Every structure is written in structure tokens, then in C-alpha cells.
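Subject: Structure handover and salt bridges

Hi there,

Here is the structure I promised to pass on to you. Please open it alongside this note, and my notes on the charged side chains follow below.

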Amino acid sequence: MEIAFEHKTAAHCEDGVTANLLRFYGYEYSEPLIFGLSASLYFVHLPFIKLAGFPVTSFRPLPGVIFNRVTRLLDFKIHSTVFLNKKHAGQKLDSLLAQGIPTGCVVGMYYLPYMPLEYRFHFNAHNICVIGRDGDDYLISDPIATQKVTISSRDLLRARFAKGTYPPFGKLYWIKSLPEKAPDIPRLVHRAILKNCYRMIHQPGPVPYVGVNAFKHLGDKIPKFPRIYGERKAALHLAQLIRMMEEIGTGGAGFRFLYAAFLQEAAQITGIRELNDFSQRLTDIGDQWRIFASEAGRIYKNRSSEGVDYRTIGDHLKTIGAQEQAFFATLEQLVRDHI
């Protein structure tokens, strides 16, 4: 049994699953537009939550938030559920597939055998779409895979109930009904941009771990890594930060490039031509994230060039933070002026 589901690759797993699910029901929205509408361009550093023994640094909201936000905005009715019982989790998935319903699923990447070894680590926020079953194998549309893949029921169940930080608890999500009328996309784009600006520059308040505040917090902390952790663990902490930036969920630069593409599309949708200039500004900031990751990588590998050390990359991060604060402040004013 295979659902007639069009598989398309994407830059980010949850955006890709969302776009592919909406396309299945006849609604064509680009990945950048979905990401932009979800207002999900984040930066947080959470010292009280650990992944692989180090604080979590994230550039996206929790798993499921993007799908929930976008479908709610577009007036789709959805359902999501988690499970404590593995047998019930398997039965529910089979029931949905038997009804011809493609089903989103949150899994741990470590237990996905079709993943290259370098990507198989304990990260429990990966999104896939289950689109069929053949005997003991499930057919999967994974947006970061070039084509549809299969996975055994045993491996899928292990991935759905992976342990560790943010355990997925067998989570499934799917679309129940479609919008009754076409959404007002220009109005939604205006609202989404303002929400993202608010979340980056206003919502943090005095909290140092979220939005623009997190840049200074982590930038001040990086030079202290060797003293806090020792040389070896300090390097591993940098490696963890690079992995969160470059490999997990698109990360720092990738999300900036994705949002820049959204702003280009938003310029056409809203008629605010200046958004094209903001798209270029954010692309330039994304380039700075890439340079930061490269510098941190050289320190981790003990190959840093002269004058590049923990202090300089901490300062570089704070500079990126200042650029993003100015960017979101002026973007917010621009969109307000056009409402």
C-alpha cells in the first residue's frame, strides 16, 4: 500500500514535510513562504537544557511548532498526538495509512538506517512523512533525502521512541480538513514578519537566553569555555555549537538564507519592494554566520589562523547579534509603515 504522495526535498525537515503535506491536498506553498509565515527565525542558548552533555543552542522552535503555526494561519484543521504505548503508536499509524492519510512523524535521527553515518546522532527533532507500508517496511518521504526511502517497522518504532533530550514519544500529526476559503496571504505575511521581529527583539525582555539577548550572553561565555570545561571539552562544546548551526535543522546561516528567500517572495506578495534590500542584508548576515562557523571549526581542529581564538569568535558572535538587532528593528518599522 502506497499513498500517491509527491516527494520533494527541502532545506529543512519540518518545512519540507509541511509543504509536501499541503501539496498533497492541492495547496502549493513554497518552503521559504512556509518558514516565513511560521515566524520561526530564532536564536536561543539554553544552559539548563543539555544535548550530548552541553547546553542547547537552537535556531528554530520546538518540533511541531512550524506545522501548527502555518496550518492554523491558513485555516487547516489538523490533529497531533503522542503515545506512551508503542503498540498503540504502531496501530494508529497503520490506521491512518489505511485511510490514505499521509502522516507526519517526529523521530530520532540516530535510528534512521537510511541516513549517512555522519548524520546519525542523537537528535530527536527530525520530521518525516510516512506514506505507505509494504509488509514489514514503511515507505518514507524524508525531505532531506533525494528520493523516497523505506524503513523497517522495528527501526521506525525505535526512532519514534528515541530517548534523550526532547524525546518524541511516537508523535504523529496529520491534516483533518481543508480551509473553507482562500487565505489573505499579503495580510498574513505582514503579520508574520511583525511577529518574527517581536520574538527576536522584544519578547526576550530581560531573559538573557532568547532572541537578540542570547548573542551577548553566549558571546561573553565562549571566551570562558577553556576555563569552564578544560581545553578538550571546550573544543567539543564548539563542535556541538557548529553541529547545531550547520547540520541540525538547517541552523544559523541556513535559516537566515531561507528567511531571506521568504523576504524576496514577500516583496512580490505585498508590493513592499524594499523587502528585496532586506533580503540581501539578511543574506550578508548569513554569510557572517558561515564565517563564524568556519572560525569555530578551525579552533576545534586546532587549525585556527593567527589572531582567531575563543575571544575573537565570541566578539564575532556579538557583532552578528548587533547586526540582527538592527536588521529586525528596521524591518519591523518598514512593515509597520506599510500597514
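Predicted model: local features only at pLDDT ≥ 70, side-chain atom pairs only at ≥ 80, totals over all residues.

Let me begin with Glu332, which is buried, its relative accessible area being 10%. That puts Glu332 below the 20% cut-off for buried residues. Its salt-bridge partner is Arg336, with 3.7 Å from N to O.

In total, it contains 13 salt bridges.

Helix 12 (residues 310-337) also holds Lys318 and Asp315, 3 residues apart, or about one turn of the helix. These two form a salt bridge as well, and their closest N and O atoms are 3.7 Å apart. Both ends are partly exposed: Lys318 has a relative accessible area of 28%, and Asp315 comes in at 31%. Through shared partners, salt bridges link Lys216, Asp220, Arg311, Asp315 and Lys318 in one network.

Which parts of the chain does the pair Asp94 and Arg133 tie together? Asp94 belongs to helix 4 (residues 86-98) and Arg133 to strand 5 (residues 126-134), so their pairing connects parts 39 residues apart in sequence. The N to O distance in this salt bridge is 2.8 Å. Asp94 is partly exposed at 25% relative accessibility, and Arg133 is partly exposed at 24%.

Best wishes

Notes: Residues numbered from 1 in each chain as written. Heavy atoms only, no water. Salt bridge = Lys/Arg side-chain N within 4 Å of Asp/Glu carboxyl O. Helix = DSSP H or I, 4+ residues; strand = E, 2+ residues; numbered from the N terminus. Buried < 20%, exposed > 50% of the residue type's maximum accessible area, 1.4 Å probe, protein only.
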